[in-house]
Amino acid sequence: MFFDPETWVAVAFVILMVVFGYLGIFKSAMTALDHRANRIKAELDDATRLKQEAAKVLADYKARSASAEREAADIIANAKSEAERIATEAKAKMEDFVARRTKTAESKIALAEAQALADVRAAAAEAAVQAASTILSQSVKGQVADDLLAKGITEVRQKLN
């Protein structure tokens, strides 16, 4: 039995364990393992806390993203309604402008017609006076003719103008 290598390995192991126990290596190893376990637990707790913070940040981001999308949709809707309103106003202003220009053109045409009619009447009166003057001067002679001619010309001018 004392010559078996397994026996001496067992004896050396027991002696080693007693020396370790006497020197407090077990206690320091257990303390080191406890410190390591505490450090790992703290890291796990920190990782859990960071995960929760990341989840909060993600939820906040999603909420902001949804809010931004709603705002964008509202802005687009407002822009469309504003564009439609501006187009409607522009159309109404254009129609009003066309109507005013048409009315102005019609009034200018009516004024030109009235002026042309007055010019024609004046020309007709002048022609009638000239014709009457010529006819009366050839058919009536003397002082009576001159008086009658002047009176007729004056009357024609007054009636035609």
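**Surface patch and side-chain contacts**

A nonpolar surface patch is formed by Trp8, Val11, Ile15, Val19, Tyr22, Leu23 and Ile25, which together have about 730 Å² of accessible area. Such patches take residues with over 30% relative accessible area and no salt bridge, joining like charges within 9 Å and nonpolar side chains (Val, Leu, Ile, Met, Phe, Trp, Tyr) within 5 Å. Areas are Shrake-Rupley values with a 1.4 Å probe, and for residues only the protein chains shown count as cover.

The model is predicted: local features need pLDDT of at least 70, side-chain atom pairs count only at pLDDT 80 or more, and totals for chains, interfaces and linings use all residues. Residues are numbered from 1 along each chain as its sequence is written, and side-chain values use heavy atoms, leaving out hydrogens and water.

Helix 1 (residues 5-23) supplies the largest share of the patch, six residues; helices are DSSP runs of H or I, at least four residues, numbered from the N terminus. Leucine 23 lies in helix 1 and is exposed because its relative accessibility is 57%, the cut-offs being under 20% for buried, over 50% for exposed and partly exposed in between.

Turning to charged contacts, the structure holds seven salt bridges (a Lys or Arg side-chain nitrogen within 4 Å of an Asp or Glu carboxyl oxygen). Aspartate 46 and arginine 49 form one of them, at 2.2 Å from N to O; both lie in helix 2 (residues 25-139), three residues apart, about one turn of the helix. A network of salt bridges links Asp46, Arg49 and Glu53.

Terms used:
Helix = DSSP H or I, 4+ residues; strand = E, 2+ residues; numbered from the N terminus. Buried < 20%, exposed > 50% of the residue type's maximum accessible area, 1.4 Å probe, protein only.
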